[in-house]
Amino acid sequence: MKYYCKLPSVHYEVKANGHVAPCCVSKTEYKDENGIPYNVSKTDIFEILNSKHATQIRNDLLQDKPVKGCDQCYFEDKQPGAVSRRVRENNHFKEFSTTGDFVHRYVDLKLGNTCNNACMICSPDLSSKWAEQYSQANWKFDRTNNNKNFKWYENQQYWDDLLDNIDEITNIDIYGGEPFLIKQQWKFIEKLVELGHSEHIILNYATNGTVYPQHAIENLWPKFKKVSLIFSSDGIKDVHDYSRWPSKWELFETNLRKFCDNGFVPYIGFSISNYSVWDITRSLEYYYNNFKHYDNFKIWFNNVYNSGSDIACLPAELKELLIDRLTKEWDDKYKSIMHSEKTIESIISHIKQDAVVDKRIASEDKWESFVKRVQTFDKIRNLKIEDVVPEYKGYIK
């Protein structure tokens, strides 16, 4: 089937602002009959999942009709060497027979925007640190929209409803912001352990690697069926410090080794963007030399599609230089530590694209957005991107 996806029948994402979507890749949010996005801080999650909008999406997919907002998966389905989330999750839930009804199996929780990093690919919607930076730059960030709630997780009713359906749930993703800074999720995890539900649940975390939750590592996580981790780091050393500001590589590396040595070996979530793409092979070489001996250690590459970050928007001469470098520096040994969903061929294929998901935005406009962002925040942070990506000399002006 060309468009069918099981996720909206078994899964939902609560975004950092409290809105609810079929998944994190979808550009669609569930809305009421007035076109206003639902928010879990004000509306019962079951009312949202059984709304007219959510039900229509499930029924359309069951009939193999394309759904608005799912363009990114449809695009990736056509790319050589790429595996879309639609395909991945259909395989994951292949034994599960879906109908038009929603059944709790898998929840993805973005716990607000509380974060101690302002990564270059991110925004105030996912990072409170970025909200501070926007204020310094006099850039607009809508904090007043009463349909957004970046502290939706303080609504205890949501956690109670989730607990009422915990017998059906097999997977819980806990992201942020920086999730290890949110006390409500630790209380929920402790409750799952206390009530004996942890044994059938897989927890998945994404963290920036700045926090080491010793109590969870020693006393909570061992009680779960499995705990998977993604350590987000776009590049290593100086590139990491620039792209994941103000995080420091030394702390990230130290915590990464501690997690690995205590049996919680993470994936490295490497977001491929104009900030990090030049550091791919150096990063692979580093991780291959230092971490390949840990079981299941992998690099999970994912493309960034945001305007101003997308590698498809590089100037033509930089694309040519980049492809030449990746081709010359590539070593097949890196395949052993790369997650199978992304290949060097698919990365190069994406570089060659002129426009990605949003065809309305010209490549030149996206590159101009990148330059403006770099110029603005390099000045505020007293940094210079050319110091870590010398290829950009003469292009940032």
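**Helices, spaces and backbone**

Helix 11 passes helix 12 in a right-handed crossing, where right-handed means that the near helix is turned clockwise from the far one by less than a right angle, and left-handed that it is turned anticlockwise. The contact is made by Trp249, Phe252, Glu253, Leu256, Arg257 and Cys260 on the side of helix 11, and by Tyr286, Tyr287, Asn290 and Phe291 on the side of helix 12, with contact taken as heavy atoms within 4.5 Å. By class, this contact has seven nonpolar, one polar and two charged residues; here Ala, Val, Leu, Ile, Met, Phe, Trp, Tyr, Cys and Pro count as nonpolar, Asp, Glu, Lys and Arg as charged, and the others, Gly among them, as polar.

The model is a predicted one, in which local features need pLDDT of at least 70 and side-chain atom pairs count only at pLDDT 80 or more, while totals for chains, interfaces and linings use all residues. Residues are numbered from 1 along each chain as its sequence is written, and side-chain values use heavy atoms, with hydrogens and water left out. Helices (H or I, at least four residues) and strands (E, at least two) are DSSP runs, numbered from the N terminus.

The crossing of helix 7 and helix 8 is right-handed. In this packing, Trp159, Leu162 and Leu163 of helix 7 meet Gln184, Gln185, Phe188, Lys191 and Leu192 of helix 8, a contact that by class has five nonpolar, two polar and one charged residues.

Helix 13 brings Lys319, Leu322, Ile323, Leu326 and Thr327 to the contact, and helix 14 brings Ile344, Ile347, Ile348 and Ile351. By class, the contact of helix 13 with helix 14 has seven nonpolar, one polar and one charged residues.

The structure holds two cavities of 30 Å³ or more, a cavity being, on a 1 Å grid over the protein atoms alone, a set of points where a 1.4 Å probe fits but cannot get out, with lining residues having an atom within 4 Å of a point. The largest cavity has a volume of about 130 Å³, and of the 15 residues that line it, the closest to its centre are Cys5, Cys23, Ser26, Cys70 and Cys73. By class, the lining of the largest cavity has 12 nonpolar, one polar and two charged residues, and helix 1 (7–10), helix 3 (52–62), helix 4 (71–77) and helix 5 (85–92) each supply at least two residues of it.

The second largest cavity holds about 70 Å³ of space, a volume being the space filled by probe spheres set on the points, which are joined across faces, edges and corners. Its lining divides into four nonpolar, six polar and two charged residues, including Phe75, Glu76, Tyr305 and His350. The largest share of this lining, three residues, comes from helix 14.

The backbone has its own points of interest. Most residues other than glycine have a negative phi, and most peptide bonds are trans. The peptide bond from Gly176 to Gly177, however, is cis, with omega near 5°, and Gly177 lies in the loop between strand 4 (171–175) and helix 8. A cis peptide bond also joins Trp245 and Pro246, where omega is about 0°, and Pro246 has its place in the loop between helix 10 (237–243) and helix 11 (249–261). Asp64, found in the loop between helix 3 and helix 4, has a positive phi near 60°.

Terms used:
On a 1 Å grid over the protein atoms alone, a cavity is a set of points where a 1.4 Å probe fits but cannot get out, and a pocket is an open set with protein on both sides within 12 Å along at least five of seven lines; lining residues have an atom within 4 Å of a point.
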